[in-house]
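Please look over the sequence and the predicted structure shown here.

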Amino acid sequence: MSGLVVPSSTGRFTHRINSNEATRETLSMGPTVVVPPKRLMAPSDASEVASAMEHARHELQAPATPGTPVTPPETSVTDKYAYAFDIDGVLIRGGKPIPEAIEAMKMLNGENEFGIKIPYIFVTNGGGKTESERCLQLSQQLEVEVSPGQFICGHTPMREMAEKFNTVLVVGGEGEKCRHVAEGYGFKDVVTPGDIIKDNQDTTPFRKLTDEEYKNSRARNFAEVEIEAIFVFADSRDWASDQQIILDLLMSKNGRLGTRSETFEDGPPVFFSHNDVVWSTSHDLTRIGMGALRVSLEAMYKAVTGKDLKTTAFGKPQIGTFQFATRLLQQWRKDTHGIDSPPDTVYFVGDTPESDIRGTNEFDDQADNSWYSILVRTGVFQAGTKPRFQPKATVDNVLDAVRHGIEREYKKALKASMEATGVISEE
């Protein structure tokens, strides 16, 4: 059975999709939870949070018209705090789950000494796939129910720019996936490097399209096309070709390929979905990522034009990603607990000091609620080194991170209770 349509505790319907049979079409049917086959007929403890977060995400993207407020259902999910997890190096490494990650999920979903469930989302700089595809992949890896609404990718905030730009170049990722992501976000006319090479094979002297790439690329005359913006959605699979094409556009007149601006100031803007220079993979050492491509492109532009290139990055540590996460958690809390504010504390668990920890700490300085950074030793950060950006806590793995937050919250609640009953005085 590929899926069931069931009502949630609020009466809203959710599609439950078998993770082994999900397709792009079934994942786009509306509010969806991806389910391991063994859980399709019997929802697990993870189902409630996954479904509620999915509906909150849909409400953010398509605000409902005013009406009678829904009475929040009874729930064992706490509203006081939540978790936000990076994925690579925290939950997954080299495509395989970090051993403690599965136990950490169980603890969040109620298998803890207090018997409470804790809401959680995933905030990753990884891109090149839709949030639904990332959801499907993680559900299979961790064998847990999750929903696309729980995912914030580096390029997720880019959907808000779909109305601003018409024709855009989308770079990176595997095959046509980034084009599909951009079109899913509402971008009307999406161009890929393959389209440009298909139109003029001399664009990249050392790169020839494979038969499959040639078939999937779209034929058009780029002498008549003005590209209004460049979006690097995921890591490039061919730096030389992608940088050549981006550089051509940056030096063009109004994004028209084959032209040159006299001032080099007429080209389209460039946006990166994140700025991580390195990231954690199955290799023993970190590998270079999109942030390195950004640095390389800026240096190349300077060398060719003599001018500085201004680019814009989303993802962590940029503030927009954390603001989007806050809006999602606030909508979830309003739906499930009738409280129109985000959880009091969000524990962000990451492995990269330069993005995860830096972004969390900087957002905490300005957020109305508390963002608490936890650094794990299973990814980019290695024991024995001193990170430039200091976390509130450093632990061995994600399970320890979850335990740390739960214990901290218990101590806070105990202290508040003792103060309220006069056992101890307020400081």
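Glutamate 183 forms a salt bridge with arginine 218, and the closest N and O atoms of this pair are 3.1 Å apart; a salt bridge here is a side-chain nitrogen of Lys or Arg within 4 Å of a carboxyl oxygen of Asp or Glu. Because glutamate 183 lies in helix 5 (residues 177–184) and arginine 218 in the loop between helix 7 (211–216) and strand 11 (229–232), the pair ties together parts that are 35 residues apart in sequence. Helices (H or I, at least four residues) and strands (E, at least two) are DSSP runs, numbered from the N terminus.

This is a predicted model, in which local features need pLDDT of at least 70 and side-chain atom pairs count only at pLDDT 80 or more, whereas totals for chains, interfaces and linings use all residues. Residues are numbered from 1 along each chain as its sequence is written, and side-chain values use heavy atoms, with hydrogens and water left out.

**Salt bridges**

- Glutamate 176 forms a salt bridge with arginine 179, where the closest N and O atoms are 2.6 Å apart.
- Glutamate 176 counts as buried because its relative accessible area is 16%, and arginine 179 is buried as well, with a relative accessible area of 1%.
- Aspartate 308 forms a salt bridge with lysine 302, with 3.2 Å between the closest N and O atoms.
- Aspartate 308 is exposed, with a relative accessible area of 60%, while lysine 302 is partly exposed, with a relative accessible area of 39%.
- Salt bridges that share partners join Asp79, Arg333 and Asp344 into one network.
- By the rule given above, the count comes to 27 salt bridges.

**Strand 2 and its partner**

- Strand 2 (residues 13–18) is mostly covered, since five of its six residues are buried.
- Strand 2 and strand 3 (residues 32–35) run parallel and are joined by four bridges; two strands are said to pair if DSSP finds at least two bridges between them.
- Within this pairing, arginine 16 stands opposite valine 33 in strand 3.

**Serine 139 and its surroundings**

- Serine 139 lies in helix 4 and is buried, with a relative accessible area of 1%.
- When residues up to four places away in sequence are not counted, serine 139 touches Ser19, Val34, Val35, Pro36, Val144 and Val146, where contact means heavy atoms within 4.5 Å.

**Backbone angles in two loops**

- Glutamate 143 is found in the loop between helix 4 (131–142) and strand 8 (151–153), and its phi is near 55°, a positive value in a residue other than glycine.
- Glutamate 143 counts as exposed because its relative accessible area is 51%.
- Phenylalanine 264 lies in the loop between helix 8 (239–250) and strand 12 (270–272), and its phi, near 60°, is likewise a positive value in a residue other than glycine.
- Phenylalanine 264 counts as partly exposed, at 23% relative accessibility.

**A nonpolar surface patch**

- Phe114, Tyr410 and Leu414 form a nonpolar patch on the surface, and together they have about 270 Å² of accessible area.
- Patches are made of residues with over 30% relative accessible area and no salt bridge, with like charges joined within 9 Å and nonpolar side chains (Val, Leu, Ile, Met, Phe, Trp, Tyr) joined within 5 Å.
- Tyrosine 410 has its place in helix 12 (residues 398–420) and is partly exposed, with a relative accessible area of 42%.

**The chain as a whole**

- The secondary structure of the chain comes to twelve helices and 18 strands.
- With 427 residues, a compact globule would have a radius of gyration near 22 Å, and the 23 Å of the chain agrees with this; the radius is taken over C-alpha atoms, and the globule rule is 2.2 Å times the number of residues to the power 0.38.
- The C-alpha trace spans about 75 × 50 × 45 Å along its principal axes.
- Of the 427 residues of the chain, 53% count as buried.
- The accessible surface of the chain comes to about 19,300 Å², of which 50% belongs to carbon and sulfur atoms; such areas come from the Shrake-Rupley method with a 1.4 Å probe, and for residues only the protein chains shown count as cover.

Methods
Buried < 20%, exposed > 50% of the residue type's maximum accessible area, 1.4 Å probe, protein only.
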